[in-house]
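The sequence and structure come next.

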Amino acid sequence: MSRSAHPAGPRHADVLPEGHPSAPPADLNHLDRKVWASTVTRTPDGVVSVGGVEVTRLAEEFGTPAYLLDETDFRERARAWRTAFGADADVFYAGKAFLSRAVVRWLHEEGLNLDVCSGGELTTALSGGMPADRIAFHGNNKSVEEIETAIRAGVGRIVLDSFQEIVRVAHVAQSLGKRQRVQIRITVGVEAHTHEFIATAHEDQKFGIPLAGGQAAEAVRRALQLDGLELIGIHSHIGSQIFDMSGFEVAAHRVVGLLKDIRDEHGVELPEIDLGGGLGIAYTSDDDPREPHEIAKALNEIVSRECEGARLRTPRISVEPGRAIVGPTAFTLYEVGTIKPLDGLRTYVSVDGGMSDNIRTALYDAEYSVALVSRTSEAAPMLVRVVGKHCESGDIVVKDAFLPADLAPGDLIAVPATGAYCRSMASNYNHALRPPVVAVRDGEARVIVRRETEEDLLRLDVG
Ligand code: LLP
C-alpha cells in the first residue's frame, strides 16, 4: 500500500527468494530521516534515542511493545500544516489516525481543528478541551444519539453523508431549537491511486453522495430547504496515502463545478469547501511525500484557478490530514523473542506484539521498515520477515526487510512511521493487551495512553 515496491538494485538471486527487497541498505545502522521522527537519533554508544531518551531506558520503564511518540515532531508537523495553510484556511486533524486527550491539547495549542467520526472520538475531543466549534463531525451512519450530543455540544459542523442524514440532522437540530452548520460530503468519481479499501471518491462505495446523476445537487436542494440546517459547504475526501496531487485537482474541479451549479440554481455562493485528508507519508525509504507548504500551495492554486474560471468568490478551504501529522511521529518498539531461519527462504523474527498493534500489513499489504535500535551491529544483512505472536500465519508486521545476521533474542527492534492507524486500529486478538503510547519530549517520557492490563480484559467479561 505504501508506494514503495521493491527497490531496484543488484539481485542476490542465490540467497534471496522472490518478492523480497532486492538489495540490503548500505549501512544497517543508518536511520533514514525520511521514516523516523525528527528527534530520533543514534547515540554514540549505538542505542537509538527519541526526545533525548534512549530506547533501552524506555523499554525498561514502560515495557514492550510500546508506541513511542515524539511530541516535538508532532507539534512541529501540526504547526507546519497550520502555517502552510495560513489564516484563510482551516486544518482539521483527522482524529481517527490517533486520538488521545494529550493529542487534543497539543492540537488546540497549535491552533488546529479536529475531525471526529464517532461518539467516542467526540467525547475524547471534548474531554481533551477542544472547543466544540472547532470540531467537525463525520461518519456515514451517525446515530441519532451521536447527532444529538454533537449538536448540544455545539460542534462547528456536521458533515452529512446521506439523504436520510440530511433529514435526521435537520430534525434533531430543530427539536433542540438550533440551526446546525453542515457540509455535504460528495463523491466526485475520482480513482485515487491507493489501496482499494482506503480509496473513497469513486462512486461504488459507502461514503458520500454521488455527484453523478445529479444526486449531490438534489442533496443540496433538500438541505437548503430545511430550517434546522445552515449549509456552509461541500466536502470531498478522495482516499488515503496519496502522493499524486492530480486526484485533488480533479476533485477540486468537480466540487467547484457543483458550487457554480448551486450559485446558478439557488443564487447562493457556499462559503467553504473541504478537500479532506489522505496525504501520503514515507513508510520506507522509497516513498517521497510532499511538504505541507507544497500541498497548500498546490491546493490553493487549484481552487483559485477553478473559482476564477467559474466566476465564483474563492471559498474558504479546509483540509483534514491525519496520517501526515501523526504517522511519522511514532515508532513501535518490540523485543525480539525467537529467530527462525528457514533454509533458502528467509528468517522469521518473532516479536512480542504483532497484528494486534499493527493490522495494516495484514489488511492493506502495507510496507514498513525496521531497525535494530538497542545496539549497532557490523554483521552481514539477513533477509527477515518480522512477525508477531498471534495464532495466525498472516500475523506479519514487516514483510521483507534486512536486519543484521547477529540479531539475538532480547534485542530491541523498532518499526517507524506507526503513529497513524496502528494504536487507533489495535485489537485484543488472542487477548493481547494493547500497548501504551508514551510521549517523549526534551528528555522526559510520559504515558499518554496506558498499557491495557489483564484486569481491563476481565472487567469487560461479565459472564
Ligand atoms: N477525512 C476523512 C473524511 C477521512 O475519511 C479520512 C480517513 C481522513 C480525513 C484522514 O485521512 P489521512 O490523512 O489520515 O490519510 N485505516 C486506513 C486509513 C483509513 C482512513 C479513513 N479516513 C489506513 O490505515 O491506512
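## Ligand site

A polar side-chain atom of Lys96 lies 3.4 Å from an oxygen atom of the ligand. For Ser240, a polar side-chain atom is 2.9 Å from an oxygen atom of the ligand. Glu320 places a polar side-chain atom 2.7 Å from a nitrogen atom of the ligand. Taken alone, the ligand exposes 580 Å², and the protein buries 92% of that. Accessible areas come from the Shrake-Rupley method with a 1.4 Å probe, and for residues only the protein chains shown count as cover.

There are 19 residues around the ligand, and Glu320, Arg323, Arg360, Tyr364 and Tyr421 come nearest. A residue is near a molecule or strand here if one of its heavy atoms lies within 4 Å of it.

## Basis of the model

The model is predicted: local features need pLDDT of at least 70 and side-chain atom pairs count only at pLDDT 80 or more, while totals for chains, interfaces and linings use all residues. Residues are numbered from 1 along each chain as its sequence is written, and side-chain values use heavy atoms, with hydrogens and water left out.

## Helix 9

Helix 9 (residues 292-310) has 19 residues and reaches 27 Å from its first C-alpha to its last, close to the 27 Å expected at 1.5 Å a residue. The expected span is 1.5 Å times one less than the number of residues. Helices (H or I, at least four residues) and strands (E, at least two) are DSSP runs, numbered from the N terminus.

The buried residues of helix 9 are Pro292, Ile295, Ala296, Ala298, Leu299, Ile302, Val303, Glu306, Cys307 and Ala310. They lie on the same side of helix 9, because they cover an arc of only 170° around the axis. That arc is taken from the directions from the helix axis to the C-beta atoms. Buried means under 20% relative accessible area, exposed over 50%, and partly exposed in between (1.4 Å probe, protein chains only). The buried residues of helix 9 pack against helix 2 (71-85), helix 8 (246-266), strand 12 (272-274) and strand 13 (316-319), where contact means heavy atoms within 4.5 Å.

On the face turned away from the buried side, helix 9 carries the exposed residues His293, Lys297, Glu308 and Gly309. Gly309 has 65% relative accessibility and therefore counts as exposed. Between Gly309 and Val256 there are 9.6 Å in space, C-alpha to C-alpha, and the two are 53 residues apart in sequence. Arg311 follows helix 9 and has a positive phi, near 55°.

## Asn113

Asn113 is found in strand 6 (residues 113-116). Its relative accessibility is 9%, so Asn113 counts as buried. Leaving out residues up to four places away in sequence, Asn113 touches Asp90, Val91, Phe92, Tyr93, Met130 and Arg134.

The side chain of Asn113 makes a polar contact with the side chain of Arg134 (3.1 Å). A polar contact is a pair of N or O atoms within 3.5 Å; within protein, one must be able to donate a hydrogen and the other to accept it, and residues adjacent in sequence count only if both atoms are side-chain atoms.

## Backbone exceptions

Most residues other than glycine have a negative phi, and most peptide bonds are trans. The peptide bond from Thr64 to Pro65 is cis, with omega near -10°. Pro65 sits in the loop between helix 1 (55-62) and strand 4 (66-70).

Ala417 is not a glycine, yet has a positive phi of about 65°. This residue is in the loop between strand 19 (412-416) and strand 20 (437-441), and Ala417 is buried, with a relative accessible area of 1%. Asp442, also not a glycine, has a positive phi of about 50°. Asp442 lies in the loop between strand 20 and strand 21 (444-449) and is exposed, with a relative accessible area of 63%.
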